[in-house]
Amino acid sequence: MLEDLLVKGLLAALEKFGVFEEDVNIVLEKPRDRSHGDLSSNLAMVLGKRLGRKPRELAGEIAAGVDFPKSIVESVEIAGPGFINFRLAHSYQVELLLDMLDPAGALEDIKTGGNKRINVEFISANPTGPLNVVSARAGAFGMTLVRLLDAIGYDAHAEYYVNDAGRQVKMLGLSLRAHYLQLAGETVDFPEDGYHGRYLEIMAQELMEQDTAAIVKAASAFNDESFQRVQAPPGNAEDWRKLPEDESVRHFAKFALMKILSWQRDTCRRFGLRFETWYFESELHESKRIERALDRLEKVGALYTEEGATWFRATDFGDEKDRVVVRAEGLSTYFLADIAYHYHKFQRGFERAIDFWGPDHHGYIQRMQGAMEALGVPRDWLEVQILQQVTFLEGGRPIKMSKRAGQFVTMDALIDEVGADVAKYIFLSRKPNSHLDFDLDLAKEQSNENPVFYVQMAHARICSVLRNAAVEGIDPGDVTADSLGNLTEEAEWNLVRELIRLPQVIVSAANAREPHRLTGYIHEVAGLYHQFYHQCHILGEEKDTTLARLHLCLVTRHVLRVVLALIGVEAPEKMGEKV
RNA sequence: GCGCCCGUAGCUCAGCUGGAUAGAGCGUCUGCCUCCGGAGCAGAAGGCCGUGGGUUCGAAUCCCGCCGGGCGUACCA
């Protein structure tokens with residue numbers, strides 16, 4: 001790595017001041033202003049005080065003491081209050097570019113994860129209705145993080161947890177059954193805490209029209225491995241209606257669950273989300289994992305009984321109060337199921353688990369990590385990323401999202417109206433902990449003026465130039481150091497300098513869990529490409545120039561493709577007509 | 001009350017873990033298509049980085065106090 005080389009050189013120069021590696025942390029950064037070189041160190045300012053020297057003088061002496069090959073570092077300058085600025089040789093930058101294209105090069109070198117398995121769980125929405133638009137942010141982030149982790153050499157695994165057990169599912173069954181009975185002409189009281197969404201009415205309507213065969217056929221869409229548990233209830237709705245109430249509700253619930261999961265899965269697919277595993281809570285109950293987790297907590301002395309309930313000693317693990325795991329009536333809490341789920345996740349052999357949660361669950365982190373610790377799992381095994389809330393505005397005012405009241409914007413509607421690429425790009429341009437206002441009206445209007453098109457345009461433009469080159473019979477061939485050496489313009493080198501940052505950008509975005517650094521980066525790349533395109537004519541120039549510029553196009557296209565693939569946005573060869 | 005997150009251009013947001021003159025998109029204004037795609041380029045206007053202190057060579061960034069907003073604070077999920 002270049003930076004290591006520079007750091008080494010600086011350290012060598014520092015020895016005569018009695019400063020050694022362990023005394024100082026040398027940081028090199030890219031100056032904002034290009035006239036300050038390619039890389040910059042604040043070393044002299046940091047050391048100035050300690051050595052009782054004026055930073056600028058010190059910088060001068062350090063700079064005089066370093067010795068780099070001219071083929072790598074073109075110049076070392078002192079500037080401002082004492083910055084040491086390095087200017088890289090063009091030949092070296094070209095080397096870095098070529099290394100990035102090399103299948104065994106820089107993008108391979110950043111794969112330092114050792115193929116360790118990491119589980120990334122996101123969305124995990126309750127299976128009580130269609131996915132709403134809040135899940136879109138989680139989907140965009142989670143999926144991108146999975147790809148980023150793969151890009152740095154981990155074996156990342158996307159997972160979706162389905163809460164298909166407990167009270168809410170029963171309520172779902174009750175609600176659907178009530179709708180059905182109403183349609184069948186019976187007078188029924190709608191359950192008090194029932195789900196009022198219109199989708200359940202529609203589902204009930206469908207149910208009236210579907211016979212057993214149709215229901216079974218619908219269920220057969222779930223033959224994938226992760227969905228073995230999703231099956232049609234026996235018979236048809238008329239049969240279920242006649243059953244004793246409890247059993248009847250269970251049948252309706254099972255059907256509703258099946259339908260809703262199919263919607264959720266379809267929506268995920270439309271949004272480009274692929275989950276290796278859909279993990280069902282009901283499985284935890286059936287496999288006795290919940291009881292076993294409880295036993296184990298008991299065994300390690302992390303439980304006690306009070307007022308008839310069983311409590312987990314969360315305060316022993318940093319939480320502010322102890323938490324109930326089994327209620328006085330004997331029912332286990334959602335928390336206990338979650339403990340069992342995460343413990344099983346650990347047993348499945350993941351080196352680390354990353355969960356994406358909403359801000360309303362932040363108070364849940366301590367107890368969850370505490371429970372894992374109590375079970376003997378390393379404290380940092382479970383990493384929770386809080387994705388701040390999205391406030392959706394329509395007609396200038398916030399939409400209250402309530403699934404129970406049936407009032408929310410679906411993720412499908414978002415995809416229909418602004419498009420998956422635009423939606424993903426908007427979410428991925430913001431950092432995870434920013435609360436963001438999403439104005440749907442504006443998004444619809446601006447979907448035609450969105451930054452995502454700016455980036456896609458750059459890609460399409462490159463493809464177009466390459467097509468034109470082919471028409472003129474020019475075959476750019478492989479990118480070589482010689483060809484790129486013919487680049488002379490400022491606009492060309494501005495682009496080059498940005499392109500070679502790719503490996504670092506990927507590493508930093510992955511490690512910081514901040515995918516938005518990717519969108520910032522390609523926006524910059526696209527901008528520099530557009531500038532280059534306007535300032536430097538590519539085709540019809542003198543032969544070496546044309547070739548060099550075509551090669552720069554090829555590298556830019558590669559970088560854009562790599563990053564667009566990471567964020568799950570298409571890299572189109574042509575842009576459609578603007579509406 | 002306590003805990004977490006946020007406050008940067010008219011609006012929506014970046015600001016790479018403390019650096020040099022605070023950026024982008026949208027909106028507003030001015031130029032640029034007989035020229036590889038104008039979904040583009042060049043430029044202008046627009047900021048006490050909520051506020052008051054502190055830390056140091058240096059703060060939008062770190063610490064403390066206020067002000068304002070969101071979320072949480074269940075034997076709900």
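The residues of the surface near RNA strand B divide into 22 nonpolar, 26 polar and 19 charged, where Ala, Val, Leu, Ile, Met, Phe, Trp, Tyr, Cys and Pro count as nonpolar, Asp, Glu, Lys and Arg as charged, and the others, Gly among them, as polar. The model is predicted, and local features need pLDDT of at least 70, side-chain atom pairs count only at pLDDT 80 or more, and totals for chains, interfaces and linings use all residues. Residues are numbered from 1 along each chain as its sequence is written, chains are lettered from A and ligands numbered from 1 in the order in which they are written, and side-chain values use heavy atoms, with hydrogens and water left out.

RNA strand B is surrounded by 67 residues, the closest being R32, R327, D437, R461 and N468; a residue is near the strand if one of its heavy atoms lies within 4 Å of it. Sugar or phosphate accounts for 61% of the atoms of RNA strand B within 4 Å of the protein, and bases for the rest. Polar contacts are pairs of N or O atoms within 3.5 Å; within protein, one must be able to donate a hydrogen and the other to accept it, and residues adjacent in sequence count only if both atoms are side-chain atoms. A base oxygen of RNA strand B lies 2.6 Å from a backbone N or O atom of A328. Two or more residues of the surface near RNA strand B are given by each of α2 (43-51), β4 (83-88), β9 (309-312), β15 (436-439), α19 (451-471) and α23 (516-535). Helices (H or I, at least four residues) and strands (E, at least two) are DSSP runs, numbered from the N terminus. The largest share of this surface, eight residues, comes from α19.

Chain A is divided into domain 1 (2-88), domain 2 (167-272), domain 3 (287-386) and domain 4 (451-567), with bounds from an automatic or database domain assignment. A distance of 51 Å separates the C-alpha centres of domain 2 and domain 4.

Strand β4 also belongs to an open sheet of four strands in the order β1-β2-β4-β3, with antiparallel pairing. Its edge strands, β1 (28-29) and β3, each pair on one side only; strands pair if DSSP finds at least two bridges between them. Three bridges join β2 (residues 39-41) to β4 in the antiparallel sense, with I84 of β4 as the bridge partner of S41. Between β3 (residues 73-79) and β4 there are six bridges, again antiparallel, and A79 is partnered by F83. These two strands form a hairpin with three residues between them, and G80 in the turn has a positive phi of about 55 degrees.

Just after α15, G376 adopts a positive phi of about 90 degrees.

S124 is found in the loop between β5 (117-121) and α6 (134-151) and counts as buried because its relative accessibility is 16%. Its side chain reaches the backbone nitrogen of Y161 at 3.0 Å. Not counting residues up to four places away in sequence, S124 touches Y160, Y161 and N163, contact meaning heavy atoms within 4.5 Å.

Notes:
Buried < 20%, exposed > 50% of the residue type's maximum accessible area, 1.4 Å probe, protein only.
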